[in-house]
Amino acid sequence: MSAFKMRSILTIGATALGAFYLGSYTERRSSNETTTATEKFQRLPGLPVFATVSAAALIPAGEQNLTATPSRISQIMKYGFPGLDHVRSQSDYVLSYDRRNRVPHWVFEHLTAESVARNDAVDRSKSDFKPDESIHPFFRAQNTDYRRSGYDRGHMAAAGNHRLHQKHCDDTFLLSNMAPQVGQGFNRDSWNTLETYVRKLTKSYSNVYVCTGPLYLPHKEDDGKMYVKYEVIGSNTVAVPTHFYKVIVSEAADQKLHMEAYVMPNKVISNDTPLQVFQVPPETVERAAGLLFFDQINRKQLATINGKKI
């Protein structure tokens, strides 16, 4: 091999080696800078970690005062997740968010006598309806969507269920916990009656677990065909559900479980209509919602469904 070729090979080799070390140094430096920057931020809450919790915005860690803990979330979700689509945890409840319809798929709560008891330190009037900043702006509901729509911002996790801390109450006013509800005659009346009934269960049971959400049920039209039709409101096209459900499991002192399921139409309901009229088999809600409720329950513990022994 000539001296010229040898010098050329050595030159190319030295250049390649230098490029490798320069690239490695640059990559390490970039990685360190990214790690340092990331340490200043935290992801907004989203559990379980293997769920689809994408598109949550990064925010400075110091700006969040979250009281949710893994142990609390484990308490709430003791009997299983109904689904794993865009799951998010707030300080005292867990939800799955429907990005297309701008409302929850489901909201899960764990209630006790203590959590629903009157607390003078918690003032609902200090809580404001506000957009959920953890939701990507493309899929986020705004207060303007509800303005002059004719619908209330209806809580899925009721504010009255979360009275231990002001933040627990505040978090129920996030719009990701809302769905459009008929106001007079439903949200402020029959639906509120159901919410009150659920809270009263804590007087008889040590733990009450409740899953709440919207439904879009089909109906037959004049042509004899079945259709699923619902209104949307605002510039963000927030869906107006045709119905709402609650599936409840109450845990007695003897560890026996008592399940109830309700479906109510999103319309004016007479105040003298008893709640029992809206009781349905839990599996009908599961089929309609595409969810599985309390699937981690030991069926041997389940004593009653809608008040009937099984």
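Arg-153 lies over the face of Phe-129, 3.8 Å from the ring centre; a charge counts as over a ring if NZ of Lys or CZ of Arg is within 6 Å of the ring centre and within 35 degrees of the ring normal. The charged end of Lys-229 is placed over the ring of Tyr-227, at 5.0 Å from its centre. The model is predicted, with local features requiring pLDDT of at least 70 and side-chain atom pairs pLDDT 80 or more, while totals for chains, interfaces and linings use all residues. Residues are numbered from 1 along each chain as its sequence is written, and side-chain values use heavy atoms, leaving out hydrogens and water.

Rings of Phe, Tyr and Trp (its six-membered ring) pair if their centres lie within 6.5 Å, with planes under 30 degrees apart termed stacked, over 60 edge-to-face and the rest tilted. This rule gives 13 aromatic pairs. Tyr-79 and Tyr-209 form an edge-to-face pair, 5.3 Å centre to centre with 80° between the planes. Phe-186 and Trp-191 form a tilted pair at 5.7 Å and 35°.
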